[in-house]
Structures are given as C-alpha cells and as structure tokens.
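Have the sequence and the 3D view open as you read.

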Amino acid sequence: MDSEGRAIPKKFLSLVLLFLILILFAAAPRYVLPYHIISLTSIFMYITLTVSWAVFSGPTQYMSLASAAFFGIGIYISAILGKVLFLPVVIGLGGFISFLLALLVGLSSLRLKGMYFTIFTFGLSELIRHFVRWWEVNQTGTVGRWVVHVNPKVVYYVMLVIVLMTLAVSYMIKRSKFGLALRSIGQSEEAADHIGINVNAVKIVIFAISTFFMGAAGAIMATRWTYIDPSIAFNPLFSFMPVLMAIFGGIGNIYGQILGAAVLTFLADVLLTKFPYYYMLLYGIIMVIVVLFLPNGIIGLKEKILKLWTADRMRLYANT
Amino acid sequence: MRILEGEGVKKYFGGLAAVAYIDFYIDQGEIVGLIGPNGAGKTTLFNLISGSLVPTSGTIRFRGANVTGLKPHQICKRGIARTFQLVKLFGDMTVLENTLSASLFGMSRGINQSQAKKESLELLEFVSLSTMEKVLAKGLTIANQKRLEVARALATKPELLLLDEVMAGLTPTEVSKATELIRKIRDKGITIFMIEHVMKAIMDISDRIIVLHNGEKIAEGVPEEVAVNRKVIEVYLGT
C-alpha cells in the first residue's frame, strides 16, 4: 500500500517535470540568443541520431556504422525536393526514403554478424557517398547543391518535434515485447529464434524504423547548411559520433544516450570556439579518458560516486 | 496418437551422413529417450526437428502436418520447444525476463504483458526458481541454468518438448530432482523427447528408448529390452 501511495505522485511529478521542460524548450527562442538556438538545434540533432542508433544497436549489439547514409539521404532529399515541395512533406519523405533504404540494407546484411555487419554498414555508407558524387559529376554536372533557406527558429522547432518523436518511439519500443525481443537477440540469436521470435523480421523492421528519424533529421538540418555536397552530407563522422555519444553517456540507458549526445555536442561547441587549434586534440583526450575509466559511460559514473561516497562515510564512522 | 513422425530423415554434412535414414515416431504423452555414443547424430536429429537444420531428404510431421524445412520460430509456434546441449540463456537478462520473452513470443497470440508475467512467475515457481526472478541468468548455477532453460521452453506453451542433455553435469541429487521435474512436465500433458547420457536416469524415466549409432537407428523399445539388446551393448562396450 505504502509503495503504491508513493508511486503515483512520483509518476505525476515526473510528468509535470517533463511538461515544464517542454515549455522551457518551446519558449526558448523568445528569450535565448540566436546563437544558442543554433547550438540547441545541434544538440537535438545529435540526440536524435544517438537515440535512434541505440534503439537498434544498443540491445542487439549489432554496431551499425551507416547512420551517415540515412542522415545524408535526408539531406539530399531536402536539397533536391526542398524547392518544389512543402517542408513537412520533404521531412517525411527524408525519413521514409531512409526507412526504405534501411529495409534493403537489412535484407542484404541479414546473415552478417558482429564485426562483419559493422564493416558492411560502413562500406555501404561510403559506397552511397561515392555513388552520389559520381552521379552528380557525370549525370547532373554539379558538385554540390544549394538548399532552400528556412528560418533558424523553424528549424529549431522542427528538430524539437523530431527529437521528441524519437524519444517517444525509443521508449515505446523498449517497453514493448519487441524491446525484450531485441535484447534476447543480442544475447543469443539462436535461442531467440527457438522461442518463437522471428529474428530476421524483428531486426529489419526495428532497424528501418530507427533510421526514419535519421532521415527526417537530415532533411531539416540540410536547410541550415544552405550548401551541401556528398562529403558534407555523407560525412562518416555522422556514423561515428552517435556511437561515441552513446558509449560516452551509457549505451543501454536512454538518459545516458541523451546526456552523452548533449554533453559531447556542447563540449565540441565550446572547444571549437575557445581552442580552435586544439579542439580535436582535447576532444580526443576526453574520449580516451572516458572509454578507459568509465566503461559504463557517465551514467555509470553516478553509481561509482555513490559507492565512493558510502565508502567514505563508512571510513568516517570507523575513525570516530 | 502420433504427435511426431519422421520418415526417411537424412542429413548429410558434405559426404558425412550425420543422420543416415531414420524412421521414428513419438506418441502423445510419452517420454521417449534418445541415446547413443558421441557423434551418433542425436543432436543433429533434434536440430532437424526444431528447424535449426533442414533435412537433406525425408519428411517430419507434427500432429499430422508436414513441418519439414520450417524455420525455428515457425516450429516453435506450431508447439515444439527445445533446450540446448550447451545452455543458451539470455545471460544479461534477469531470470524473469528470460521466461517473459518466451511467453510473449511462443505459441500464444495477443497475450498482454501482465498475463505473460503471471504465467512466467507460475513457471518459475514450477521449476523452483521463484526466489531468483530478479537475478541475472548468467549468475545462476549450472543446475539452475538448466532449469531456467526448461522453464523458458515451457513458457512458449509447447505440446512437445525436446530436452538435450538436461542432466549433464549435474550432481546425483540434482539428477533426481531433474527426473522429478520431467515427470511433472509430462503430467501437465506435454510429450517429452530427450537426449541423455545419464543411463540410470534415462532408463528410469523413459517409456520407450531409441538408440542411434553412426546416424542410424540400431534399436528401439522399452528400456528393459534396449538394455539387453546385443547391438546396443556392442556399441556401448565396444566388443
């Protein structure tokens, strides 16, 4: 009885908190400098990439390095169709084409496991980049493309909606029986198959759903860069960053993923402006330290500190 | 009633006949033991029945329907569950989550999470693991891991359960507990086909025994018959 009595207000409190945070973000463009709006938009973008990457790769332990391909597809959809279609349609299409491409990738890479899957996805992403470059040079006779300009505030709000949708879908998948199925697949694919999980179908569909948001994010973010070419759109960093951010924050935990993406994006921003020459060096050192000393990410740090703190108190008691 | 029937089942790995040409059947409600020396083709036969492998030729029928060549998850949904010779649990998931996922995906359609949880808890009680529902599966002892694998197989609600050496590596006390558990499962109306090397246990518990050697069936019958069969003694004692 007691625990139930406490559980309801706690749930209510977290809902209120969530609502307040939402209002804060919704109202931000009115009170915050334009520069910070752009930073926040970047943070939303990386949270979207990280969380949607982790929806599939986290529980299944299939490390995909194809995020850049799906993100880039969104960017190119936006560059090609941005002038002729309404923005929401363009964003939806960016997501949808990514989804379709991911279905194909899934079907063709089904039998690959572990490292082979990772290398395949990375190769595929590079293949798409080079194919688009070849196509642009030989067929359309261009190198890059101009993208329609959209008001930064609009970009901010669209990105806010996309990140919220990503978080909601990630949460729902995790809570559903498919979340359990993904974890089962990550632990033992064979056993998962034998308890009635259609392993291939679950893998492909969830992978494809997760890439929808990468494509949608690409479609809206493209408008911020105004000029794009294949090496901007399909930059391999968009594949590596989500992995690093998830590991940095704590791969198995949605708060860890959010925190990792937010902190690293913010850090990159600060380092780039304060130490333009040492930016990558410092960034690298921080990554090495985290991977060496915090195998469970910064979310894992919480437990470490908690342990140290209780140990400290124990020692104090012992001394007195 | 025949619940499972195999006709001319054959499996070649390259030129090697792992299962040469086997006819077999299992009646509903039976406990059938499958024995034979190492490399006889016992696990291969289980893999053929459960869909891990596709037979080179021959047909396997379950409740009258041809199930040859179906995928493991399809076989599971028809009502055949299995355990593995080397335990294949979801190690980093809790004991409860292991049975829960089986319960949500096995035979039952449209089961909701709270029903599945209730069923899972009952099953853990049934295999005497109820105090460990929150423990990670990899933290269990071997005996308990084997019990959990049985519980997970049962959570898919099978009519036929394939047990691949559930008693291997257990102490004599644990073996007698496992024997008792297998009887309890049969009393629930589930047919059992089991591979076992612990001779005393398999002789005690089986209604019928099938003996494989080099991929061929060399004997079949009630335990008393099989135990005195000349071919079987030759194969086991190497005379």
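## Sheets, helices and a core

Chain B has an open sheet of four strands in the order β2-β1-β4-β5, with antiparallel pairing. Its edge strands, each pairing on one side only, are β2 (16–27) and β5 (65–66) of chain B. Before going further: this is a predicted model, where local features need pLDDT of at least 70 and side-chain atom pairs count only at pLDDT 80 or more, while totals for chains, interfaces and linings use all residues. Residues are numbered from 1 along each chain as its sequence is written, and chains are lettered from A and ligands numbered from 1 in the order in which they are written.

A few terms: helices (H or I, at least four residues) and strands (E, at least two) are DSSP runs, numbered from the N terminus. Two strands pair if DSSP finds at least two bridges between them.

Chain B also has an open sheet of six strands, ordered β6-β7-β8-β3-β9-β10, and here the pairing is mixed. At its edges sit β6 (80–82) and β10 (216–221) of chain B. Neighbouring strands in this sheet are turned by 20° against each other on average, direction ignored. Angles are taken between N-to-C directions, from 0 to 180 degrees, using axes fitted to C-alpha atoms (for helices, over the stretch in contact).

| Strand pair (chain B) | Sense | Bridges | Facing residues |
|---|---|---|---|
| β1 (2–13) and β2 | antiparallel | eight | B:R2 and B:D27 |
| β7 (160–164) and β8 (191–195) | parallel | five | B:L160 and B:T191 |

Helix α1 (residues 42–50) of chain B lies across β3 (31–35), β6, β7, β8 and β9 (208–213), at about 150° to β7(B). α1(B) also lies across β1, β2 and β4 (57–62), running at about 65° to β2(B).

Over in chain A, helix α4 (residues 87–109) packs with α9(A) at about 145°, their axes 7 Å apart. That contact has 16 nonpolar, seven polar and one charged residues.

The largest nonpolar core has 153 residues. Such a core is a set of buried Ala, Val, Leu, Ile, Met, Phe, Trp, Tyr and Cys residues joined through C-beta atoms within 7 Å; buried means 20 or more other C-beta atoms within 10 Å of a residue's own. Helix α9 (residues 199–225) of chain A gives the largest share, 15 residues. A:M159, A:A217 and A:I220 have the most contacts inside the core. Leaving aside neighbours within four places in sequence, A:I220 is in contact (C-beta atoms, placed from the backbone, within 7 Å) with A:I91, A:V155, A:V158, A:M159 and A:I162.

Conventions:
Buried ≥ 20, exposed ≤ 12 C-beta atoms within 10 Å, placed from the backbone. Contact = placed C-beta atoms within 7 Å. Nonpolar A, V, L, I, M, F, W, Y, C, P; charged D, E, K, R; others polar.
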